Amino acid sequence: MTLRDLAGLYRLPQWAKNLFVLAPAFFAFRLNDPRTLLQALEGFFAFSLVAGGVYVLNDLRDLESDRRHPEKRFRPLASGRISPSAGIIAGGFALLGGLLMGAFLGVEPLGLLFFYVGLNVLYSWKLKHRALMDILCIALGFVLRVLFGGVVAEVPLSRWIVIMTFLLALFLGLGKRRGDVLLEEEISGLRSSLDGYSVPFVDAAMMITAGVTLVAYLMYCLSPEVMEAFGTSRVYYSFVFVLFGVLRYLQNVLVFRRNGPTKILYGDRCFQALLAGWIGFFLVLFLRR
């Protein structure tokens, strides 16, 4: 087992999703505080290890279908580079390591990690095969990341952050399912939940979710408590980056047929520039406080 195979087993590129753990401290302008930053980073690595173990569990469950998938067949377990028994050991090590880190962070963080594991066990064994329930589980997973980040960093969470996280994750998940539906038309039997989806349905759902997400973000920017927290009424300027980020994601999914949020994040320079601009905007707000 090489380090490259181990990284693939734990899906290190997917760890970008766990940056949501840092979101509460980021929006509270607390990442410059050494104690908060250390706690947030400990939370990030704890959640990433647990998520890595969950990925192994999911891959073991889907071993046969992954071997027929044009991309997933190259994963360490599906390709045979790592045996199932070695995968169980590696996955258990990651889960145990993440949960132990969570225990040091406190009872509540540990409880959220156990809830995340339980949710993903249900997802892998049952819910991923039910249309809509599968993307609901994915969205809840992102909400748990934010809740976990708020607890470990000791930052009170705005209801808007929770709402926007859920809506954004739902939107991204629908984009991923659209690619799966297109692939299912070429190779049948990859995922039973796809029987409950079609391209027109997913397209309509993405439009609805995108619209609601944008409205929620704008309401967040214009809410009095947010303007007071940031010390300015110009938070809504950041809406430009969010709007064009959503449009660019839709363009990638609907026009370019790129499948997967992480692929778009790592492969689309325009999307990266919009994300960097959005982060930079909040850094400017922080420096001007």
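Guide: In this predicted model, helix α14 comprises 19 residues, 269-287. The distance from its first C-alpha to its last is 26 Å, close to the 27 Å expected at 1.5 Å a residue.

The buried residues of α14 are F271, L274, W278, F281, F282 and L285. Viewed down the axis of α14, these buried residues fall within an arc of 85 degrees, so they line one face of the helix. An α-helix has 3.6 residues a turn, so residues three or four places apart point the same way. On the other side of α14, R269 and L287 are exposed.

The cover over the buried residues of α14 includes α2 (23-27), α10 (199-222), α11, α12 and α13 (261-267). Y236 is partly exposed, because its relative accessible area is 35%, a value between the limits of 20% for buried and 50% for exposed. Together with L218, L222 and Y237, Y236 forms a nonpolar patch on the surface, and the accessible area of the four together is about 350 Å².

Neighbours within four places in sequence aside, A90 is in contact with L6, L9 and Y10.

Key
Residues are numbered from 1 along each chain as its sequence is written. This is a predicted model: local features need pLDDT of at least 70, side-chain atom pairs count only at pLDDT 80 or more; totals for chains, interfaces and linings use all residues. Side-chain values use heavy atoms; hydrogens and water are left out. Patches are made of residues with over 30% relative accessible area and no salt bridge: like charges are joined within 9 Å, nonpolar side chains (Val, Leu, Ile, Met, Phe, Trp, Tyr) within 5 Å. Accessible areas come from the Shrake-Rupley method with a 1.4 Å probe; for residues, only the protein chains shown count as cover. A salt bridge is a side-chain nitrogen of Lys or Arg within 4 Å of a carboxyl oxygen of Asp or Glu. Buried means under 20% relative accessible area, exposed over 50%, partly exposed in between (1.4 Å probe, protein chains only). Contact means heavy atoms within 4.5 Å. Helices (H or I, at least four residues) and strands (E, at least two) are DSSP runs, numbered from the N terminus. The expected span of a helix is 1.5 Å times one less than its number of residues. The arc is that of the directions from the helix axis to the C-beta atoms.
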